[in-house]
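The sequence and the structure come before the discussion.

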Amino acid sequence: MPAPILTIKPDAITRNWQALNAISGDAETAVAVKADAYGCGVGPVAAALNDAGCQTFFVATLDEAVTLHTELPDVRIFILNGVSGEECQIARNLHLRPCLNAPHQIADWGTGGGGPCALQIDTGMSRLGCEPHDIRAFEQASDLLTALGGVELVMSHLACADDADAAHNAAQREAFETLTADLSAVLPPFKRSLAATGGTLLGADYHYDLVRCGIGIYGGAPFSDAEAVVTLTSPIIQIREIAEDTPVGYGETWRAERRSRIATLPLGYADGLHRALSNACTVYIDGKPAPIAGRVSMDLLTIDVTDHPDATVETQVEIIGPNQSIDTLATAAGTIGYEILTSLGSRYERRYKSAS
Ligand SMILES: *Cc1c(COP(=O)(O)O)cnc(C)c1O
């Protein structure tokens with residue numbers, strides 16, 4: 001049966017990296033490839049970026065790091081969520097670098113002999129990273145940090161970087177300056193990193209030695225100059241004519257206001273088309289809109305093609321593409337581009353192809 005196709009353009013990913021690398025100036029531009037490279041496929045994505053010159057990658061978990069290491073054994077891989085206990089030995093053996101986020105992670109890493117790692121500090125997000133009182137404790141007992149051997153990077157994460165007007169950005173930056181200065185007293189020289197995509201766009205004050213870009217690489221806001229990376233198209237698998245006042249879909253939430261043509265597509269919320277898109281979004285046929293009619297179901301979607309007399313079974317429908325970005329789709333679903341990308345389902349046929 002004809003099936004939806006998810007097309008991912010490695011060339012566009014490379015060009016987005018080059019654009020952010022130009023913006024970040026002298027800072028190294030590392031890339032976040034956690035969650036299977038934001039749903040785009042970590043193998044092909046990391047390979048394309050590495051060919052373009054990217055040497056440093058961030059993942060969330062040890063498992064993700066091991067997967068990436070298998071694909072690209074020579075790149076530098078940081079594990080954002082850190083490691084603890086027995087995971088330390090696995091990470092150390094593969095030269096994977098944990099971001100140490102709390103005193104217990106630091107102690108575990110040091111116990112086995114330490115090695116190259118990052119230290120994450122929390123500067124105002126209250127999510128992950130050592131807190132100012134932890135850092136004061138390190139100053140009292142500096143042997144804890146010395147035992148690590150190789151803190152290459154001290155990093156923190158901004159809570160509001162997608163909003164250039166948020167005063168919280170400057171407040172976090174100041175806290176980062178202060179805490180990294182304190183750490184300089186107890187650590188050998190290290191590099192500093194504060195910015196993800198949003199922070200990179202805030203300007204040179206936020207770049208420090210390394211930026212960690214994710215969403216902008218994959219074509220999403222807040223990097224408004226990004227090139228689109230993902231296209232999602234689906235064939236129509238059935239078309240029916242319905243009389244005025246006929247309901248469509250679960251719960252009869254859509255009702256024909258005129259004699260209508262309804263087309264059914266073989267994808268649904270199990271494929272990442274959030275149920276919140278029910279009656280709330282448009283897809284495109286030959287560049288012209290066709291509204292979603294009724295609820296999105298698990299594996300199917302119904303659209304109103306009354307104004308598309310040429311639509312037939314197998315007509316290709318654009319769900320993400322030139323007429324609808326991941327961000328417009330996200331807005332219709334009440335979410336963000338990040339969640340659209342990371343929800344893209346495993347059932348799609350994925351094609352990697354040059355943007356040309
Ligand atoms: C996910 C993540 C990034 C990348 O963020 P984007 O907003 O996608 O650029 C950078 N740093 C940390 C700590 C992250 O969790």
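How many nonpolar, polar and charged residues does the shell around the ligand have? By class, there are seven nonpolar, three polar and three charged residues in that shell, where Ala, Val, Leu, Ile, Met, Phe, Trp, Tyr, Cys and Pro count as nonpolar, Asp, Glu, Lys and Arg as charged, and the others, Gly among them, as polar.

## Basis of the model

The model is a predicted one, in which local features need pLDDT of at least 70 and side-chain atom pairs count only at pLDDT 80 or more, while totals for chains, interfaces and linings use all residues. Residues are numbered from 1 along each chain as its sequence is written, and side-chain values use heavy atoms, with hydrogens and water left out.

## The ligand and its contacts

The ligand is surrounded by 13 residues, the closest being Lys34, Tyr38, Thr197, Ile215 and Tyr338; a residue is near the ligand if one of its heavy atoms lies within 4 Å of it.

An N or O atom in the side chain of Tyr38 is 2.5 Å from an oxygen atom of the ligand, whereas for Ile215 a backbone N or O atom lies 2.7 Å from a ligand oxygen, and for Gly214 a polar backbone atom is 2.8 Å from one. Of the 390 Å² of accessible area that the ligand has on its own, the protein covers 91%, as computed by the Shrake-Rupley method with a 1.4 Å probe, where for residues only the protein chains shown count as cover.

## The largest pocket

On a 1 Å grid over the protein atoms alone, a pocket is an open set of points with protein on both sides within 12 Å along at least five of seven lines, a cavity is a set where a 1.4 Å probe fits but cannot get out, and lining residues have an atom within 4 Å of a point.

The volume of this pocket is about 720 Å³, taken as the space filled by probe spheres set on the points, which are joined across faces, edges and corners. Its lining comprises 34 residues, divided into 20 nonpolar, eight polar and six charged, and α12 (337–343) gives the largest share, four residues.

## Cavity and backbone

There is one cavity of 30 Å³ or more, and its lining includes Gln120, Arg127 and His157.

The peptide bond from Ala221 to Pro222 is cis, with omega near 15°, and Pro222 lies in the loop between β9 and β10 (230–235). Asp245, although not a glycine, has a positive phi of about 75°.

Note on methods
Polar contact = N/O pair within 3.5 Å; in protein donor to acceptor, adjacent residues only side chain to side chain. Helix = DSSP H or I, 4+ residues; strand = E, 2+ residues; numbered from the N terminus.
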